[in-house]
Amino acid sequence: MRAAGGLLALLMSISATASADEPVQVPVPQTLEQAAAQRERADALREQAEKRYQAEQNACYEKFLMSDCLLAAKKRHAASLVAARKLDQPAIDFERAARRQDLESREAQRAADNLARQSEEQERAQGYRAEQAAKLAEREAKLADKARKAEAGRQKAAAEQAKRQAKLDKRARQDAEREARKAAEAAAAASK
């Protein structure tokens, strides 16, 4: 039974060593979902490597050449971790690039929004200034209209005052003429 376990461990070590020496083509993810799946596979490989390493260590403690067995198990474990890292690294790089691109696009959008906001604020400021200028012009026109109406009112009042004064003068002349005629008639009547 121990021989079968040792043979199995020997075969696993040979296949692990052979697979560690061969260059492995690691797929480069094209989407965030693929990157997440690839990272999960790398985590699963690491977990398997840890379990296998623990099992191999336990098996090594039962062998006569325990140090050599532990060293070989450690090498296989390190090779498995390197393979997991090789699988994990492109996914990490892709996620980092995706985050960077997302950040850059958000920054570009923020800059575009700021430009739009600034132009909108400038338009509002110009509109406000134009509105204030229109209100000021309207106020000045109203004041000028009031001043013109007040002047016209003063001229009309002065004209009416002059007309009344002329009437009073005319009446005073007429009264004076009538008094003079009455006095002349009374003088003429007294002289007769």
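A salt bridge is taken here as a side-chain nitrogen of Lys or Arg within 4 Å of a carboxyl oxygen of Asp or Glu. The legends below apply that cut-off to a predicted model.

**View 1. The salt bridge between Glu 151 and Arg 154 in helix 3.** The side chains of Glu 151 and Arg 154 form a salt bridge with an N to O distance of 2.8 Å. Because these two residues stand three residues apart in helix 3, about one helical turn separates Glu 151 from Arg 154. Glu 151 has a relative accessibility of 36% and is therefore classed as partly exposed. In an α-helix there are 3.6 residues a turn, so residues three or four places apart point the same way.

**View 2. The salt bridge between Lys 149 and Asp 145, also in helix 3.** Here the closest N and O atoms of Lys 149 and Asp 145 are 3.5 Å apart, and the two residues, both in helix 3, are four residues apart, again about one turn of the helix.

**View 3. The salt bridge between Asp 88 and Arg 46.** The closest N and O atoms of Asp 88 and Arg 46 are 2.8 Å apart, and the pair forms a salt bridge. Since Asp 88 belongs to helix 3 and Arg 46 to helix 2, this pair ties together parts that are 42 residues apart in sequence. Asp 88 is buried, with a relative accessible area of 3%, while Arg 46 is partly exposed, with a relative accessible area of 22%. Through salt bridges that share partners, Arg 39, Asp 43, Arg 46, Asp 88 and Glu 95 are joined into one network. Across the protein, the count comes to 16 salt bridges.

**View 4. The packing of helix 2 against helix 3.** Helix 2, residues 32–60, packs with helix 3, residues 66–191, at an angle of about 170 degrees, and the two axes are 9 Å apart. Angles over 145 degrees count as roughly antiparallel, and helix 2 and helix 3 are therefore roughly antiparallel to each other. The contact of these two helices comprises 20 nonpolar, four polar and eleven charged residues. On the helix 2 side, the buried residues include Ala 35, Gln 38, Ala 42, Ala 49 and Tyr 53. In helix 3, the buried residues include Cys 69, Ala 73, Arg 76, His 77 and Glu 95.

**View 5. The kink in helix 3 at Asp 88.** A kink of about 25 degrees is found at Asp 88, shortly before the proline Pro 90. Asp 88 and Pro 90 are among the buried residues of helix 3, as are Leu 87, Ala 91 and Ile 92. The 126 residues of helix 3 should span 188 Å at 1.5 Å a residue, and the end C-alpha atoms are 178 Å apart, which agrees.

**View 6. Helix 2 within the overall fold.** Helix 2 has 29 residues and reaches 41 Å from its first C-alpha to its last, close to the 42 Å expected at 1.5 Å a residue. The protein contains three helices and zero strands, giving the pattern α-α-α when read along the sequence. Of the 192 residues of the protein, 12% count as buried, among them Glu 56, Gln 57 and Cys 60 of helix 2.

Methods
Residues are numbered from 1 along each chain as its sequence is written. This is a predicted model: local features need pLDDT of at least 70, side-chain atom pairs count only at pLDDT 80 or more; totals for chains, interfaces and linings use all residues. Side-chain values use heavy atoms; hydrogens and water are left out. Axes are lines fitted to C-alpha atoms, for helices over the stretch in contact, and angles run from 0 to 180 degrees between N-to-C directions. Angles under 35 degrees count as roughly parallel, over 145 as roughly antiparallel, 65 to 115 as roughly perpendicular and the rest as oblique. Ala, Val, Leu, Ile, Met, Phe, Trp, Tyr, Cys and Pro count as nonpolar, Asp, Glu, Lys and Arg as charged, and the others, Gly among them, as polar. The expected span of a helix is 1.5 Å times one less than its number of residues. The bend at a residue is the angle between axes fitted to the seven residues ending there and the seven starting there. Buried means under 20% relative accessible area, exposed over 50%, partly exposed in between (1.4 Å probe, protein chains only).
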